[in-house]
Structures are given as C-alpha cells and as structure tokens.
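Dear colleague,

Please find the structure below.

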Amino acid sequence: MTVKVDDSPHAATRIDKWLWAARFFKTRSLATQAVDRGRVLCNEARVKPARDVRPGDLVSVDNGSTRWEVRVKAIAEVRGSAPVAQSLYEETEASIQARADESERRRLFQEPAAQMHGRPTKRDRRRLGGMGE
C-alpha cells in the first residue's frame, strides 16, 4: 500500500489524525486524548483535535514518556510505515538536544531500590529507617 504524502502549502488535516499518521501515538483516540488534555500545542497554542495542521506549523508533543518539538513538513491522511511517518516532520535542534539530555539523565540516575532484590530482610528494614527503632 502506498501512502499519499502531500507537502504543498495548502494541504491540511486534523491534528489528531496527523499525530497518529506521524506515529507519535499508537491510536487516533490516544492522540485525541492528548490534544484534549493540552499535551499537544500547535504554534505554541492549545488546540482542539479538529484543528487543521499545515506544512510549516510548529507542533509540541508530550506523549507521556518523551517531549518533542517538530516542524510539520508534509501531510498524510493514513498511517504508513515508519520511514513515511518520519518524512512528515522535522525535529527542531532544541528538541533533539533536550531529548539527548533527558536520555543521559535517565541513564545516569540510580534508582534507590535497584540494589535490593526481592523483599527486604529485617536488617534492610532497619537500615531503611523503618518504624519501631
């Protein structure tokens, strides 16, 4: 199946549909919920799911685990393969740097309970500062 990608300036589609086609969200309903909750901004303004997005628009997306800031390059009405989805947008330099910094921070962060395996022993509970000391 070939996906029709339109990069002309007058091309437009609903923002929830575009987010789904660009593979920021697994389903269209998840994209719609994110837009409704204000986790998606178009040109730095809150929008509704039916808002049209056009090439050149700046879209900020927070899909729960990652924050993206992308410039819309093209419009697709249906969801295609990952390479097709990646051709629909261009990530800003600031967004690339912020995601790299966040990835490094997560890599270096040591989870406090990572050293414990299974249920804590009586000695472990004492060290944790439990009650009854």
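R67 is exposed, with a relative accessible area of 60%; here exposed means over 50%, buried under 20%, and partly exposed in between, computed with a 1.4 Å probe on protein chains only. The side chain of R67 meets that of D62 in a salt bridge, at 2.9 Å from N to O. The term salt bridge denotes a side-chain nitrogen of Lys or Arg within 4 Å of a carboxyl oxygen of Asp or Glu. By this rule the count comes to 10 salt bridges.

Please note that this is a predicted model, in which local features need pLDDT of at least 70 and side-chain atom pairs count only at pLDDT 80 or more, while totals for chains, interfaces and linings use all residues. Residues are numbered from 1 along each chain as its sequence is written, and side-chain values use heavy atoms, with hydrogens and water left out.

A further salt bridge joins K17 and E77, at 3.0 Å from N to O. K17 belongs to helix α1 (residues 15-21) and E77 to the loop between β8 (75-76) and α3 (82-86), so this pair ties together parts that are 60 residues apart in sequence. Helices (H or I, at least four residues) and strands (E, at least two) are DSSP runs, numbered from the N terminus. E77 is partly exposed, at 37% relative accessible area.

E104 and R107 also form a salt bridge, their closest N and O atoms being 2.7 Å apart. Both lie in helix α4 (residues 93-108), 3 residues apart, or about one turn of the helix. E104 is partly exposed at 35%, whereas R107 is exposed at 58%.

Finally, a network of salt bridges links R14, D16 and R28.

Yours sincerely
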